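User: Please take a close look at one helix packing in this model, and then at others for comparison.

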Amino acid sequence: MDGLKEHLGGIKVLTFDVYGTLIDWETGLNHALQKVFQAHGVQRSESEALQLFAQHEAQVGAGDYLPYRDVLVETLKRVAHDLGFEPDDGELQALADSVGDWPAFEDSRAALLRLQRHFKLAVITNCDDEHFALSNRHLRIDFDYIITAEQARSYKPSLNNFRLALGTIGVRREEVLHVSESLFHDHVPARQLGLACVWIHRRQGRPGPGATPAAVAQPDFTYPDMRSFADAALGPDEQHEPERP
């Protein structure tokens with residue numbers, strides 16, 4: 001017993017990161033990057049490709065606000081510079097367009113539907129309104145609140161994104177539980193603001209930090225996937241309601 005059910009007694013809203021937690025952005029991103037690398041005769045493992053991306057995306061996102069399409073374009077330019085080639089306009093556009101193709105984790109939708117019966121659901125996501133709408137075609141969830149980087153004009157780990165979310169949702173911090181995979185983008189700033197956190201540790205047992213920079217944080221609860229989190233929160237034997245068409 002890890003105490004999650006007891007903690008949830010005071011929680012009204014679950015806030016979620018999207019990319020890495022609900023959407024398998026590493027699979028989608030690596031596929032898009034490898035297509036560009038192969039066109040220029042560059043060979044890098046998935047781990048190497050994602051770590052290069054993470055390093056540069058964090059730097060681009062920390063500067064003056066850019067739409068997420070521009071963040072992806074500038075990040076690819078910097079990755080390509082490190083690897084000794086120059087991507088063409090079509091390749092840059094293809095990476096920016098790939099977000100809508102990044103798949104949902106197979107357990108995300110079912111877990112969210114179960115949780116939605118008991119809590120309000122919100123997303124705090126590092127993308128534009130357009131990109132989240134495309135990704136939610138895979139999830140097909142009616143979230144109660146959607147807070148994007150476009151609305152905040154900043155990218156996590158900026159505290160601004162979380163402050164905007166808390167102001168939009170309008171409940172006390174003690175009534176919010178943040179659920180995320182990325183320690184760097186989510187757990188570090190959420191903890192700074194006093195939010196309780198669940199780590200969906202999807203990279204458990206895989207090499208390297210993946211598509212996010214390494215960071216140190218202390219989540220309150222840790223689960224390997226969304227199904228395990230929902231089981232711990234609600235019980236594995238909870239009857240599922242039929243999905244809405």
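This is a predicted model: local features need pLDDT of at least 70, side-chain atom pairs count only at pLDDT 80 or more; totals for chains, interfaces and linings use all residues.

Analyst: Helix 6 and helix 11 cross in a left-handed sense (near helix turned anticlockwise from the far one by less than a right angle; clockwise is right-handed). The contact involves S108, A111, L112, R114 and L115 of helix 6, and M226, R227, F229, A230, D231, A233 and L234 of helix 11, contact meaning heavy atoms within 4.5 Å. By class, these residues are eight nonpolar, one polar and three charged.

Residues are numbered from 1 along each chain as its sequence is written, and side-chain values use heavy atoms, leaving out hydrogens and water.

Helix 3 (residues 46-62) and helix 4 (residues 68-83) have axes that come within 9 Å and cross at roughly 130°. The crossing of helix 3 with helix 4 is right-handed. From helix 3, residues including L52, F53 and H56 meet residues of helix 4, among them Y68, V71 and L72.

In helix 5 (residues 89-97), E91, L92, L95 and A96 are buried (under 20% relative accessible area, 1.4 Å probe, protein chains only). Seen down the axis of helix 5, they fall within an arc of 140°, so they line one face. Their cover includes helix 2 (25-39), helix 4 and helix 7 (129-139).

Terms used
Axes are lines fitted to C-alpha atoms, for helices over the stretch in contact, and angles run from 0 to 180 degrees between N-to-C directions. Helices (H or I, at least four residues) and strands (E, at least two) are DSSP runs, numbered from the N terminus. Buried means under 20% relative accessible area, exposed over 50%, partly exposed in between (1.4 Å probe, protein chains only). The arc is that of the directions from the helix axis to the C-beta atoms. Ala, Val, Leu, Ile, Met, Phe, Trp, Tyr, Cys and Pro count as nonpolar, Asp, Glu, Lys and Arg as charged, and the others, Gly among them, as polar.
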